[in-house]
Amino acid sequence: MPAADTHCPYCALQCAMTLRAGMTGVEVEGREFPTNRGGLCQKGWTAADLLRHPDRLTQPLVRDGGALRPATWPEALDRVVDGIRAIQDRHGRDAVAVFGGGGLTNQKAYALGRFARVALRTRTIDYNGRFCMSSAAAAGNRAFGLDRGLPFPVADIAAADAVLLVGANPAETMPPFVRHLDGAGLIVVDPRRTATARMASLHLQPTPGTDLALGNGLLHIAITEGLVDKAYVDARTTGFDAVRAAVSDWWPARVERLTGVPVADLHATVERLAGARRAVVLTARGAEQHAKGTDTVTAFVNLALALGLPGRPGSGYGCLTGQGNGQGGREHGQKADQLPGYRRIDDPAARAHVAAVWGVDPADIPGPGPSAYELLSSDEVRALLVFGSNPAVSAPRAARVERWLRGRDLLVVADFVLSETAALADVVLPTAQWAEEDGTLTNLEGRVIRRRRLAAPPPGVRTDLEVLADLSARLGVPTSAEPRVVFDELRRASAGGAADYAGITYDRIDAEGGVFWPCPDAAHPGTPRMFLDRFATPDGRARFVPVTHRPAAEEPDADFPLYLTTGRVLTQYQSGAQTRRVAALPGEPFVELHPDLAARLGVADGGPVTVATRRGSATAPARLSDAIRADTVFMPFHYAGAARANTLTNPALDPVSRMPEFKVCAARVTAA
């Protein structure tokens with residue numbers, strides 16, 4: 001029976017599994033690995049169900065007369081290339097855009113960036129990771145000089161005596177991760193009493209949009225109570241005096257009035273973190289998906305630095321990466337402002353290095369382009385090629401994005417099912433699934449791992465690398481579609497960069513169970529724990545950065561008196577294009593609201609309700625729960641149609657990360 005040791009196609013925990021091909025389908029077995037310890041969640045156990053799903057696309061589709069019809073690969077590729085050339089001749093190179101995804105392998109992310117900048121010569125490329133990790137990445141870069149979601153292995157979290165988890169619900173989003181959490185030392189910050197919050201010994205339940213004030217308030221207590229690690233601050237950081245001044249007026253009573261978190265809980269949080277031998281501060285989307293997300297993360301980084309945690313064995317600050325290759329996907333060039341190896345695209349030395357690998361003139365590499373939402377709303381973009389994303393569901397203000405997609409001269413989508421975005425396309429290219437291709441990914445720890453192919457894709461289906469190579473060749477820029485060849489080129493392009501993969505090979509990954517970057521050469525052991533001796537700043541010191549709380553971009557008022565927040569649920573993943581097709585993953589859209597609010601509105605449990613914001617409305621059954629604040633409603637964002645939550649969300653952007661404000665906006669609820 002053919003078998004392959006590989007990793008789950010869903011979240012960044014990248015749980016290890018073994019696939020076995022049988023007569024009736026593919027069997028999934030959990031495999032021992034540091035992140036999952038042999039366990040899988042419901043999504044992992046059922047991941048192979050999609051491989052033979054009847055919704056699989058097995059031949060290209062092209063739109064004629066308003067309808068999609070089957071086509072041959074030559075016809076479909078000709079349609080794409082002819083459209084690209086006509087649009088660029090008429091509107092310029094940047095009128096053709098590329099939109100990628102945080103689930104693409106490292107090879108695909110690299111190839112997509114190379115395709116955009118060499119074959120298309122366009123600066124207009126970004127990816128859906130902008131909606132996930134950008135605020136944490138921006139905060140990490142300015143504090144530490146480098147962004148790696150977890151700069152330490154997940155095993156360090158399991159060994160910590162205290163863990164502050166801000167805006168994360170891993171009990172539902174990555175269940176095997178909770179094996180690394182000890183409830184006795186766990187403190188959770190979340191407006192909802194989630195499954196993770198119920199595990200914790202202390203739950204802080206702030207008003208949505210006030211996490212930044214909470215972080216500043218916790219640091220204020222650490223300073224006034226004499227809990228700052230002064231020796232660490234003096235030896236390893238800069239900028240503390242400015243931050244101390246910035247938090248001086250965030251006394252506990254003021255923080256309680258603004259956030260709703262009791263003063264006693266604020267003190268208990270700081271005392272537990274400061275009193276622990278090993279402590280970890282973690283943030284995730286709840287803190288980051290705001291128009292002030294970068295500053296919010298920075299507030300918690302400042303707290304971690306003041307307590308002397310980052311770069312201390314067994315302690316530190318980290319971010320829980322969401323998408324399967326959310327880490328590697330942002331390192332190798334599909335992000336609007338980056339080149340491979342985490343190089344800045346506006347750095348002359350970086351441009352020269354990458355240009356030499358690509359065999360082009362550095363001057364021919366385009367400059368930085370617009371961020372994801374700006375790209376998806378730009379009238380200057382006339383054509384869009386989408387790989388590994390479903391923005392018609394996942395983008396903020398999704399109804400407006402859908403109208404924008406319909407208005408392009410050419411929309412090309414590569415996918416293995418007809419997602420909501422693919423259904424709008426002029427050309428749909430059927431691509432392979434995760435178990436039908438080889439590649440590498442980088443998990444939430446910064447560990448580079450192997451994805452191994454179990455079987456070839458169905459006849460008529462090509463891998464994303466093959467599609468990109470086919471398109472590149474037709475545009476006069478031949479490239480390889482072989483994953484090992486592409487990875488070797490990626491290694492050369494990343495060499496000397498912040499995310500240096502030069503010393504990572506397939507053989508080493510196989511022998512060592514994955515290799516942590518940076519790993520600059522074959523003799524280097526890799527870097528499981530970063531910043532032990534110095535930070536990645538010019539002077540080797542971490543930077544405190546003063547940040548000031550400001551209200552959400554849109555606060556409740558008389559017309560929209562409630563807070564709306566969105567998130568994930570246990571059985572679904574991202575836009576749901578995959579998981580909604582798996583029969584063994586039940587789940588329906590819902591609106592969670594407090595029983596007191598429901599009583600005021602005359603809403604019954606299970607009855608239909610409509611949530612409206614200034615951008616639109618969505619309707620779903622009510623789910624009454626005292627786990628949510630009475631001033632807040634929650635909707636999962638996995639669903640399309642009338643229950644599409646991202647129709648409601650606010651596209652206000654963080655000025656640094658360009659992250660939209662998914663996690664809070666003003667809303668009203670009525671019985672439908």
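Is Arg 20 buried, partly exposed or exposed? In this predicted model, Arg 20 counts as partly exposed, at 29% relative accessibility.

1. Arg 20 forms a side-chain salt bridge with Glu 29, with an N to O distance of 2.8 Å. Glu 29 is likewise partly exposed, its relative accessible area being 30%. Each value lies between the 20% limit for buried and the 50% limit for exposed residues.

2. A salt bridge also joins the side chains of Arg 56 and Glu 436, at 2.9 Å from N to O. Arg 56 belongs to the loop between helix H1 (42-45) and strand E4 (61-64), and Glu 436 to the loop between strands E18 (427-430) and E19 (439-442); the pair therefore ties together parts that are 380 residues apart in sequence. Both Arg 56 and Glu 436 are buried.

3. Asp 438 meets Arg 450 in a salt bridge of 3.4 Å, N to O. Because Asp 438 lies in the loop between E18 and E19 and Arg 450 in strand E20 (residues 447-451), this pair ties together parts that are 12 residues apart in sequence. Arg 450 is buried, with a relative accessible area of 7%.

4. The count of salt bridges comes to 44. A network of salt bridges links Asp 64, Arg 69, Glu 75 and Arg 79.

5. Helix H14 comprises 14 residues (293-306) and reaches 20 Å from its first C-alpha to its last, close to the 20 Å expected at 1.5 Å a residue. Since 14 of the 14 residues of H14 are buried, the helix is largely enclosed by the rest of the structure. Gly 308, which follows H14, has a positive phi near 75°.

Notes. Residues are numbered from 1 along each chain as its sequence is written. This is a predicted model: local features need pLDDT of at least 70, side-chain atom pairs count only at pLDDT 80 or more; totals for chains, interfaces and linings use all residues. Side-chain values use heavy atoms; hydrogens and water are left out. Helices (H or I, at least four residues) and strands (E, at least two) are DSSP runs, numbered from the N terminus. The expected span of a helix is 1.5 Å times one less than its number of residues. Buried means under 20% relative accessible area, exposed over 50%, partly exposed in between (1.4 Å probe, protein chains only). A salt bridge is a side-chain nitrogen of Lys or Arg within 4 Å of a carboxyl oxygen of Asp or Glu.
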